Amino acid sequence: MAAKARMLIFLGDGMAGRPLPELDGRTTLEATDTPSFDRVASEGACGMLNPISPGVAAGSDTAHMAILGYEPYEYYRGRGPFEAKGVGLEVNAGDVAFRCNFATVENGEVLENRAVIDRRAGRIKERTDELRQTINQQIPEIDGVKVLFKESVEHRCALVLRGEGLDEHITDVDPHAEEPTDYHECKPLPGYEEDEAAKRTARIVNQFVERSRKALNGHPLNQAREADDLKPANIILPRGVGTAVELEPFAERYKLSGALIVEVDLVRGLGLYLGMDVVTCEGATGGDDTDELAIAASVVSTFEDHDFVLANIKAPDLGGHDGNVEQKIAAIQKVDRALGYVLDNMDFDRAVVILAADHATPISVRDHSGDPVPAAFFGYGVTPDDVQSYGERACAQGYLGHFCGSDVMSILGNYAGAGEKYGA
Ligand code: ZN
Ligand code: ZN
């Protein structure tokens, strides 16, 4: 059945939290003046959203998967494939993919020396495409496995391994340390030591790293960098491995033309993976300085040729990770202003929105937590309840009670008149 209304998922990344003594026992959401959030809550139906399931701290990737209706416990096998897709690499089901850094290893020519003195190669910004060309020429395959490699912005890059007998149960090479630290040998994860595919994949990764050193050491770009007193990008350090799985494209599953306007590359990669249109918004920086009204304007214009949009503003999550109350409050206000623009410029007699967060990032935790997040549905088809403001404890009093991320598409579809009857 064709939907009677457009559907919008509007998320403030990590916007939910926990009560803070310095806010007199309120959460940052409860303490922030959010007129647009409160309008949606007071005219709509509220509840508490458990992004994956109660108590599970979700990553942004798994939370977005669940909210888009792709059960992460069934489909998620690591972030690498979404990273690689986001960078523009072709990723097929069965591929093993990684995100990587260009990094600086001390004495690049002495292979026994594994000390990484800068895991971002001096935050290299330019000409990494030349390094990629060299890698592509010199390492087209390893042991019968096809190697695809591409640079992203700054020191970031991605790697895809394609071939038989590969497995993602292996460790990271990147030491994840800011101090000089040896990079790790890739090994099968505990419990997979005897797994032939994991052993083979680890061997191939180690060969890739060693061959990247040989290819990049003495590269003209690195010679030029060293002459300018810049750190050479003389090694590639893979991490965040994942196996690509078959995911039913969003358009096929829901019969909707869907678009994503998000500031997190990983989630953009997920959208591309699902065959959704990933809209690039000028002014969306992914930081505290993001242009929230530009994002809001692109939400409105994207509905001209789509019937589903998911938008996510990243800034509140940053304040949560930094443990900075003022920063998080300012970021929440940005999300509220963006929603205000959308409310003013779209007809909600013909559209339905859910306002929520992809997970909580409480100031007191400085990371994602497994708390439920407040959610409010507003617009076409929605039965209003008595909740008057948007916040953790206010929304817990709402009509929808508790639900999970994987319920969101059904609830939206039900309001929009797109749901199909289950049974006779
Ligand atoms: Zn997130
Ligand atoms: Zn986060």
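The model is predicted, so to speak of local features pLDDT must be at least 70 and side-chain atom pairs count only at pLDDT 80 or more, while totals for chains, interfaces and linings use all residues. Residues are numbered from 1 along each chain as its sequence is written, and side-chain values use heavy atoms, with hydrogens and water left out.

**Largest pocket**

- The largest pocket holds about 1,000 Å³ of space; a pocket is an open set of points on a 1 Å grid over the protein atoms alone, with protein on both sides within 12 Å along at least five of seven lines, and its volume is the space filled by probe spheres set on points joined across faces, edges and corners.
- Of its 35 lining residues, R79, R99, R156, V264 and D265 are the closest to the centre; lining means having an atom within 4 Å of a point.
- Helix α10 (265–273) gives the most to this lining, with five residues; helices are DSSP runs (H or I, at least four residues) and strands are runs of E (at least two), numbered from the N terminus.
- The pocket lining has 15 charged, ten polar and ten nonpolar residues, where Asp, Glu, Lys and Arg count as charged, Ala, Val, Leu, Ile, Met, Phe, Trp, Tyr, Cys and Pro as nonpolar, and the others, Gly among them, as polar.

**Cavities**

- Two cavities of 30 Å³ or more turn up in a search of the whole structure; a cavity is a set of grid points where a 1.4 Å probe fits but cannot get out.
- The largest cavity has about 40 Å³ of space, and its lining includes Y75, R77, F82 and Y273.
- Eight nonpolar, two polar and one charged residues make up that lining.
- The second largest cavity has about 30 Å³, with F98, D172, C186 and R239 among its lining residues.

**Helices α6 and α7**

- The axes of α6 (residues 128–138) and α7 (residues 196–216) come within 10 Å and cross at roughly 120 degrees; axes are lines fitted to C-alpha atoms, for helices over the stretch in contact, and angles run from 0 to 180 degrees between N-to-C directions.
- The two helices are therefore oblique to each other, as angles under 35 degrees count as roughly parallel, over 145 as roughly antiparallel, 65 to 115 as roughly perpendicular and the rest as oblique.
- In α6, L131, T134, I135 and Q138 meet F208, R211, S212, A215 and L216 in α7, with contact meaning heavy atoms within 4.5 Å.
- By class, this contact has five nonpolar, three polar and one charged residues.

Notes
Chains are lettered from A and ligands numbered from 1 in the order in which they are written.
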